[in-house]
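Let us walk through this structure step by step.

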Amino acid sequence: MSSGPSLIRSVKEIPPIDYYTSGHRTCAGCGAALIYRLVTKAAGPNTILIGPTGCMYVANSHQFLTSPYAVPWYHTQLGAGGAAGIGIAAALRALMVKGKRKPEDINIIVFGGDGGFADIGFSGLSMALTYDYPRLLYLLYDNESYANTGIQASSTTPWGATTTFTPSGKVKRIGNERYKKNMALLAAAHPKIKYVATATIYPPLDLMNKVIKALNSGGPSFIHVLTPCPKGWFYAPHETYELARLAVETGMWVLWEYSEGKFKLNYKPRPRKHVKEYLRRQGRFAHLTDEEIDMIDKMVEEEWKYWLESDKLGKIILPW
Amino acid sequence: MSAVRPVPPITIEKPVAKVWTGARAIAEAVKLADVDVIAAYPIRPYTGIMNAIAAMIADGEFQAEIIVADSEHSQFEVVKHAAATGARVFVGSSGVGLMYAYEAMLVTGLGSVPVVGVVGTRALDDPGNFGMEWTDAFTTRYFGWLISWPRDVQEALDMVLVAYRVAEDHRVLQPHFVALDGAALTHVAMPVYPPTKKQVTEFLPPYRPPYRIDPMDGPVTKAQHIAPSLIGPEQRKRIDVAMLKAKEVIIEAWKDYARYVGREYPPFIETKWMDDAEIALLSMGAYMKDIELVVSKLREKGLKIGTVRLRYLRPFPAEELVKVLSGVKAVGVIEFGFSFGSPYRTGPLYHEVATALYEADERPKLLDFLFLGGREPKPEHFIKAAEMVNELAKGKTFEKKAYWLTLRGEDI
């Protein structure tokens, strides 16, 4: 009999209680707020949340001293997400081992943005993933830019996206010319890491169950969650969920997990939709030509050969 | 079986001296304080402290989580979060390493998390330099940390234990570091009388923060983004008042330390030969031993000179200093920090002292002696400083306020 954690099998089984509630003032259609809600539902009440600076810091508690969190929450500096989780995990272990606190399973979830984890806090995150503290989840909500400061490129901004630091101009037309950093592959490069996954808000149960698996994996874990952002991606707020679905169905966002050294694809688009269905819905790619969009599609097509091969082998092959 | 039963030996509790370096003594203090979480990252000269702690933990001498961080920034963030969760913590750094941690130090101070650590003071880069300067520690004056400065290894050990008591007091709840003059204190071995575990347990109650980042304490939200119009100044005022209250807590703590451990210190300022002194040399830290030696010789020659040693930089004992220096004609400030382009091209300790003395009814004249770039001062430099201060007291006018006595070439 499997001794794995009990997963959520249908929408009806989603716990009705929210630990991320009213009192925040995120944008209409905010993908990250939806992630916060689903993830905290999956984690339950015995959870500590850490919020490195970013959208989910400024928007969640600004102005009127309100707090949307029904569990302990502590701000940490933009580059300190990795260290913050380790500090709390080390404190809980020391206090429990030394008999200064009742032994108990407590989840620690650090919600870092792409700036916080892929750029300034990358070193600290990597340090954290080399330790062995259980129930310590680093969750990257990746809206592909520094969104709360007004949409500046990060190292997870995709090729061709306009941001205020990488605008599409008369001479430099493409906008962002760097390729998106694959944070989940980087996390998987830490030997003996228990659990790494990618997710988005589609399908929601996939995200929630990955959180449950990560927290029960017995070590630090990492989930890279693609997070549609109406403000930074330039689409209508009601299309957030739709954008997440299209990212997955066009194969631009690959849903996979890497558990105890075993790689598995969670979704194989059959047939894969052309990336234009995803990209043409977003204003940040409006300046790209059809040829450029086709070029991206070819790149995705090429990468998928390796994703499918990795799935067959159960091992990670770099898809480029 | 022998007919004669062994007589149990009569034990007389007497303190046993150990010969320890500053680094080792601090590690022993950390063990005595039953610290729960330690975060380490190497940089000379403070590294020896962490080496000693790591060896103790590896040998099972005491139990704690020791985190080897990826940077000083992470190191200070690790302990900040551990302390906010309810663990007693220890951290430290030196020189540019400490500066790498400034953001984390700042939020620890402004977030009122009672972390305790040490700074092994070191000259700053560039160029890299193993010498001793104070600018790494002095630049943290704005961060809401208490700062104390021991003279010798014994006092360093005692100060770390007192630092936990003061920082964790609910009237204070601010972080605290002890600044050890790099090499001169961290690496010099001296006889030390460590307190017993029992004495420390009586002196230092367990760390009990008012609320923790722990589900057991309910849904605490800490450090949310705020509107300046709502609690901007009020939040800063809490720290201002904590520093004010810290002065009474420090006095109480040292009184209690003397009661439980049997070693007495004046809380803020230690003076020697000041009863009838007309001039004084003022400084902090390990070089006070050399300064005091020089002054004792000058006293033998009939010069009415004394020494003033500040034990705390934050909170700064301004009123106490005015009292100590009232009636003194001239004071020489001996320091190892820089602030280029500052008023009269003086150093940061001078600025502190001059600000404090501005409120005195009769202000002594001041001269600043800067020992920069890590070149070690010798007794002859302190003799020279004393002679210049004596001339100042007698009415000689000096062209400048600050003199670099170890400088080769012209002191422009």
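Predicted model: local features only at pLDDT ≥ 70, side-chain atom pairs only at ≥ 80, totals over all residues.

**Two helices in chain A**

In chain A, helices H3(A) and H5(A) have axes that come within 6 Å and cross at roughly 35 degrees.

Which residues make the contact? H3(A) brings A:Gly82, A:Ala83 and A:Ile86, and H5(A) brings A:Gly124, A:Leu125, A:Met127 and A:Ala128. Sorted by class, the residues of this contact are 5 nonpolar, 2 polar and no charged.

Stay in chain A for one backbone detail. In general, most residues other than glycine have a negative phi. A:Lys192 has a positive phi, near 65 degrees. Find A:Lys192 in the loop between helix H6 (183-188) and strand E5 (195-200) of chain A.

**Where the chains meet**

Now bring in chain B. The contact takes 47 residues from chain A and 41 residues from chain B. An interface is often sized by the accessible area lost when its parts come together. Here chain A and chain B bury about 3,600 Å² between them, and 62% of that is on carbon and sulfur atoms. Three residues of chain A give more than any other three: A:Leu65, A:Tyr74 and A:Lys98 supply 20% of the area that chain A buries against chain B.

In one salt bridge, the side chains of A:Lys100 and B:Asp36 meet at 2.7 Å, N to O.

Which elements of chain A give two or more residues to the side that touches chain B? They are strand E1 (47-52), helix H2 (55-61), strand E2 (73-76), helix H3 (81-97) and helix H5 (122-129). H3(A) gives the most, with 12 residues. By class, this side of chain A has 28 nonpolar, 14 polar and 5 charged residues.

E2(A) runs parallel to strand E9 (residues 221-222) of chain B, with 2 bridges between them. In this region, A:Tyr74 stands opposite B:Lys222 of E9(B). A:Tyr74 is also one of the three residues named above for buried area.

**The sheet in chain B**

Strand E4 (residues 89-93) and strand E5 (residues 116-121) of chain B run parallel, joined by 3 bridges. B:Ser93 has B:Val119 in E5(B) as its bridge partner.

**Two cis bonds**

End with the backbone of chain B. Most peptide bonds are trans. The bond joining B:Arg44 and B:Pro45 is cis, with omega about 0 degrees. B:Pro45 sits in the loop between strand E2 (37-40) and helix H2 (47-58) of chain B. From B:Arg314 to B:Pro315 the peptide bond is also cis, and its omega is near -5 degrees. B:Pro315 lies in the loop between E13 and helix H11 (318-325) of chain B.

Methods: Residues numbered from 1 in each chain as written. Chains lettered and ligands numbered in written order. Heavy atoms only, no water. Contact = heavy atoms within 4.5 Å. Buried area = accessible area lost by both parts, 1.4 Å probe. Salt bridge = Lys/Arg side-chain N within 4 Å of Asp/Glu carboxyl O. Helix = DSSP H or I, 4+ residues; strand = E, 2+ residues; numbered from the N terminus. Nonpolar A, V, L, I, M, F, W, Y, C, P; charged D, E, K, R; others polar. Pairing = 2+ DSSP bridges. Axes fitted to C-alpha atoms, helices over the stretch in contact; angles between N-to-C directions.
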